[in-house]
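Hi,

Here is the structure I promised to pass on. Have a look at it first, and then read on for what turned up.

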Amino acid sequence: MPFSRSHQLRCVSRITAVQAICAILLLNSALSRQNPAEKEPVRNQQSGMSTGSAHAPVKDTLSRPITAGGFVDGAPVIFIDVTHTAGIDRFHHRSGGPEKRTILETPGSGVALLDYDNDGWLDSYLLNGSTFPALKGKEAPPRAMLLHNDHDGTFTDVTEKAGVANERWGFGVAIGDFDNDGWPDIYVSNFGKNRLYHNNRDGTFTDVAETAGAALGGWSTGATWGDYDRDGYLDLFVPGYVKFNPDNPPIVGKGGIPAGYCQFRGVQVMCGPRGLPGENDHLFHNNGDGTFTDVSVKAGVADAKGYYGFSSVFVDVDDDGWVDLAVANDSVPKYLYRNKHDGTFEDISYLSGFALNDDGHEQAAMGIAVGDYNSDGKVDLYITNFSDDYNTLYRNEGDAAFADVSFRAGIATLTIPFLGWGTGFLDYDNDGSLDIFVANGHVYPGVDLQDWGTTWAQRPLLLRNLDGSKFQEVPAATGSGLAVVVTARGAAFGDLFNDGHIDVILNNIDSTPTLLRNVVKNANHWITLKMLGGAKSPRDAIGAKVFVTAGGARQRGDVFSGGSYGSSSDQRLHFGLGAATKVDRVEIHWPSGAKEEIAIPAVDRIYTVKEGKGIVAP
């Protein structure tokens, strides 16, 4: 029998010796579920994704699958689709062929929001995939696109000038100022060698991955930047997914793979990730001189099990002032590593309750959202998963113990037909409570031929925070941004128009992107803080925690890089204030360990805050 969450939490609370016993029991429980001899029909033990049992189709009043229907006439409009008017539909993503015969073609790519030219407006970087002919040099490879924000609701393609086309099979992008020069740099995770685009501070970038020692190879996914050893320089974690040979891809009937080995609900599909060898993960220590040293094994985060990593994030989950590391793995247990303050990490995945869901099962995790949704001062985590399974909300119970509260929060069942990817906590209506956005899209195009209640292209989900314990789906108003039906993968969140509302950009596989502008109109107030670290912190303040008290409520915001699915969001911290017209207190915990309080002169403003200096000119 799998261990329940209550058993896991009891394990967490015991002394060290008992913790070790609990960990072994939990691990044995997980391994027993992966035994092909175990007669558990709801889980594909041959190849494919770890998912739940087949569910009855959920359809709307027009008999459409709920993943591509359920629109509500007259519902409040939260987002509008401004993709075309903004000019970003000039980008078109490609990833292999339309049939998706191999696993390399299915995950799609991330997207980043960054102010690459430091003009105070968010620009966008959309990663592209590739094709097998392009890998062999038989056709021009698809190109990534950097879009400059023109401050008037439109964007200009500056890829050529900037030199960031990538022209490799791209999966993840993470933004961080690795050399502390005040300008954001771009790390791109590819199939093949990765890129580290150094910002030249003149609108151009130079790929320094090879000279920096961070190029890798194989198949890398959603990376994250963070100063794990608190030396003032950003380090880099890069998860690996699957070992894949494009000259000998895993296809049924070839290479010894028997018929019937790769199936989903009895239908033949592409093979993997289960049954395929996994890539290792890598931690690169920043040497402070433009180079990095791979310390993965020494630090204890190399992933010797060869799990299938998709997304990652450095964030301080136990509030000891040192960033920890969470990794979303596909179809195997998730990782949570606790920072030991000595250059190494402790694997607390099982002890923390984060490795599995409440039923003690591994899930096919895709994306990670980070935020304090219940305003208790502790950071919580939300994980998107495969269809026929629910997305998982992990509430931080303190001391790095997490509880799966998805069903209690009222948001588990409604996510089951959807296949989630990019995700984030955001306060879409500025009421002071963090809501959840989920980008969705299937990996098997053939689902459209089946009556399973799920679809290849899917609409996004917006979950409104009701009271810090319950969420409710926001109706998708007909014709609005929540009613777009797209093949979403990467998702990034930020105030693209500097109007105090959080917008969303989606990178859709084999399609144009989607830009959703937040058009909520109410009387709620807000502040946004751009954090600048001092001499002993990373310049972009990744790892900083900010607590804002206003209207009797205290909120937490964390500066982080990565997360979502292979994406990087606005690193400015946005706080909705509800009806409050003043901020009572702002407490800042800088990555260096310094603590500081500042006064906010007025609401509905964007402020730049420098460590030790308070509010400064932008």
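To start with the strands: in which sense do β22 and β23 pair, and over how many bridges? Strand β22 (residues 380-383) and strand β23 (residues 392-398) are antiparallel, with three bridges between them. Along that pair, I383 has T392 of β23 as its bridge partner.

Before going further, a word on where this comes from: it is a predicted model, in which local features need pLDDT of at least 70 and side-chain atom pairs count only at pLDDT 80 or more, while totals for chains, interfaces and linings use all residues. Residues are numbered from 1 along each chain as its sequence is written, and side-chain values use heavy atoms, with hydrogens and water left out.

The strand names are DSSP runs (E, at least two residues), numbered from the N terminus. Two strands are called paired if DSSP finds at least two bridges between them.

**Two open sheets**

The β22/β23 pair sits inside an open sheet of four strands, in the order β21-β22-β23-β24, with antiparallel pairing. At the edges are β21 (368-371) and β24 (401-404), each pairing on one side only. From one strand to the next, the twist averages 25° (axes are lines fitted to C-alpha atoms, and angles run from 0 to 180 degrees between N-to-C directions).

Another open sheet has four strands in the order β10-β11-β14-β15, and its pairing is antiparallel. Here the edge strands are β10 (224-226) and β15 (292-294), each of which pairs on one side only. Neighbouring strands of this sheet are turned by 25° against each other on average, direction ignored. Strand β14 (residues 282-286) is joined to β15 by three bridges, and N286 has F292 as its bridge partner in β15.

**The disulfide**

If you care about cysteines, the search of the whole structure finds one disulfide (a pair of cysteine sulfur atoms within 2.5 Å). The link runs from C262 to C271, with 1.9 Å from S to S. It is right-handed, with 105° about the S-S bond. Both C262 and C271 are buried (under 20% relative accessible area, using a 1.4 Å probe and protein chains only).

**Empty space**

Rolling a probe the size of a water molecule over the atoms shows where empty space is left. On a 1 Å grid over the protein atoms alone, a cavity is a set of points where a 1.4 Å probe fits but cannot get out; a pocket is an open set with protein on both sides within 12 Å along at least five of seven lines; lining residues have an atom within 4 Å of a point. Points are joined across faces, edges and corners, and a volume is the space filled by probe spheres set on them.

How many cavities of 30 Å³ or more does the search find? There are two.

Strand β33 (residues 545-550) runs antiparallel to β34, with six bridges joining them. The two strands form a hairpin with two residues between them, and G551 in the turn has a positive phi of about 60°.

Back to β35: six of its six residues are buried, so the strand is largely enclosed by the rest of the structure. L573, F575 and L577 point one way, and H574, G576 and G578 the other. Strand β32 (residues 525-532) pairs with β35 in the antiparallel sense over five bridges.

Finally, the largest pocket has a volume of about 700 Å³. Of its 31 lining residues, D115, N118, K530, L532 and R572 are the closest to its centre. Strand β32 turns up again here, among the elements that each supply at least two residues of the lining.

Cheers

Key. Buried means under 20% relative accessible area, exposed over 50%, partly exposed in between (1.4 Å probe, protein chains only).
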